[in-house]
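Q: I want to learn to read a structure by its contacts. Where do we begin?

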Amino acid sequence: MTLVLDGVKKKYSRFELDCSMQVESGTVTGLIGRNGAGKSTTFKSVLSLVKPDAGTITINGTEAHKLTNKEKEDIGVVLAETGFSGYLTVKDVSAMMAAMYSRFDKKEFAKKCEHFRIPMNQKIKEFSTGMKAKLKVLAALSHEAKLLVLDEPTAGLDVVARDEILDMLREYMENEENSILISSHISTDLEGLCDDIYLIDDGKIVLHEETNVLLDEYGVLKVTEEQYAKLDKGYILCSKKEPHGYSCLTNQKQFYQENYPDVVIEKGDIDSVIGLMITDKRGGR
């Protein structure tokens with residue numbers, strides 16, 4: 001299932017989103033950036049919880065705000081700040097999901113809950129953080145959705161709970177027609193799951209790269225001021241002044257390894273890309 005955002009804009013008093021991106025069928029796309037960069041506004045725009053001021057959002061070629069209720073069943077959602085009422089039991093959630101989604105399978109949902117040690121008759125307010133997170137993901141997966149929109153699905157979880165959720169998502173992606181748009185502050189989760197990554201800062205996409213390219217070909221040069229002055233900056237994406245000199249992000253690590261053997265070059269990853277590429281503005285949303 002494909003998702004395309006083309007020139008989507010949403011203006012607030014101190015922040016403006018201006019975003020274009022796409023999620024291809026059969027892929028997992030990560031949206032990264034610090035708090036306030038525009039991730040939540042992007043997700044809410046995709047789900048028609050926020051009405052953009054300009055631009056288009058299409059899901060399988062249909063504008064998102066024109067989707068029928070039947071078509072909306074193809075989207076599974078986990079939002080960071082929302083969840084089920086703590087006064088419900090999982091059995092209540094199951095009944096609610098069955099009423100909302102024609103393809104919801106109560107028996108399979110109960111089976112999955114048992115597998116992940118989620119009690120059906122206990123009130124959700126008594127659940128651990130990990131149990132609540134797993135329940136939200138299981139619910140999103142329970143109605144044969146073809147697109148998952150997941151905003152921080154592993155936030156606040158221990159390693160074991162995070163791995164269980166990531167395994168669920170990998171199993172979901174065994175169907176090549178399925179797609180995921182996901183955000184997370186845990187870079188290693190995205191590095192092991194996503195096919196490509198978008199970096200958003202101050203409401204704008206500032207980088208789009210395939211994950212394997214980012215991990216294999218990007219690097220961070222640690223140079224003195226003297227080395228920086230002599231450095232060929234043709235493949236430097238950005239630089240940051242440091243006490244030792246400069247940190248420089250490149251997408252051509254091999255070029256500098258071959259031509260500057262005395263320069264320290266660290267492996268590129270999501271954290272280094274965020275740390276070097278984002279601006280220092282405030283007031284985002």
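A: With a helix pair. The axes of α5 and helix α6 (residues 159-172) come within 10 Å and cross at roughly 5°. Axes are lines fitted to C-alpha atoms, for helices over the stretch in contact, and angles run from 0 to 180 degrees between N-to-C directions. Helices (H or I, at least four residues) and strands (E, at least two) are DSSP runs, numbered from the N terminus.

Q: What does the crossing angle make of α5 and α6?
A: Angles under 35 degrees count as roughly parallel, over 145 as roughly antiparallel, 65 to 115 as roughly perpendicular and the rest as oblique. The angle therefore makes α5 roughly parallel to α6.

Q: What should I know about the model and its numbering?
A: This is a predicted model, where local features need pLDDT of at least 70, side-chain atom pairs count only at pLDDT 80 or more, and totals for chains, interfaces and linings use all residues. Residues are numbered from 1 along each chain as its sequence is written, and side-chain values use heavy atoms, with hydrogens and water left out.

Q: Which residues make the contact of α5 and α6?
A: Contact means heavy atoms within 4.5 Å. From α5 come Gly130, Ala133, Lys134, Val137, Leu138 and Leu141. From α6 come Ala161, Glu164, Ile165, Met168, Leu169 and Tyr172. By class, there are nine nonpolar, one polar and two charged residues. Here Ala, Val, Leu, Ile, Met, Phe, Trp, Tyr, Cys and Pro count as nonpolar, Asp, Glu, Lys and Arg as charged, and the others, Gly among them, as polar.

Q: How many residues does the largest nonpolar core have?
A: A nonpolar core is a set of buried Ala, Val, Leu, Ile, Met, Phe, Trp, Tyr and Cys residues joined through side-chain atoms within 4.5 Å. Buried means under 20% relative accessible area, exposed over 50%, partly exposed in between (1.4 Å probe, protein chains only). The largest core has 52 residues, and Leu169, Ile180 and Ile182 have the most contacts inside it. Helix α5 (residues 129-141) gives the largest share, seven residues. Beyond its neighbours within four places in sequence, Leu169 touches Val137, Leu148, Leu150, Ile180, Ile182 and Leu193. A second, separate core of 25 residues includes Met1, Met21, Leu181 and Tyr198.

Q: Is Leu157 buried or exposed?
A: Leu157 is buried, because its relative accessible area is 9%. Leu157 sits in the loop between β7 (147-151) and α6. Its C-alpha atom is 6.8 Å from that of Thr129, 28 residues apart along the chain. Apart from neighbours within four places in sequence, Leu157 is in contact with Thr129, Gly130, Ala133, Arg162 and Ile165.

Q: And strands: what is the order in the open sheet of four strands?
A: Two strands pair if DSSP finds at least two bridges between them. The order is β12-β13-β11-β14, with antiparallel pairing. The edge strands, β12 (236-242) and β14 (264-267), each pair on one side only. From one strand to the next, the twist averages 25°. Six bridges join β12 to strand β13 (residues 245-250). Glu242 has Gly245 as its bridge partner in β13. Helix α11 (residues 270-277) packs on this sheet, touching β11 (219-223), β12, β13 and β14.

Q: How many residues lie between β4 and β5 in their hairpin?
A: Two residues lie between them, and Asn60 in the turn has a positive phi of about 55°. β4 and strand β5 (residues 62-63) pair in the antiparallel sense over two bridges. Ile59 stands opposite Thr62 in β5.
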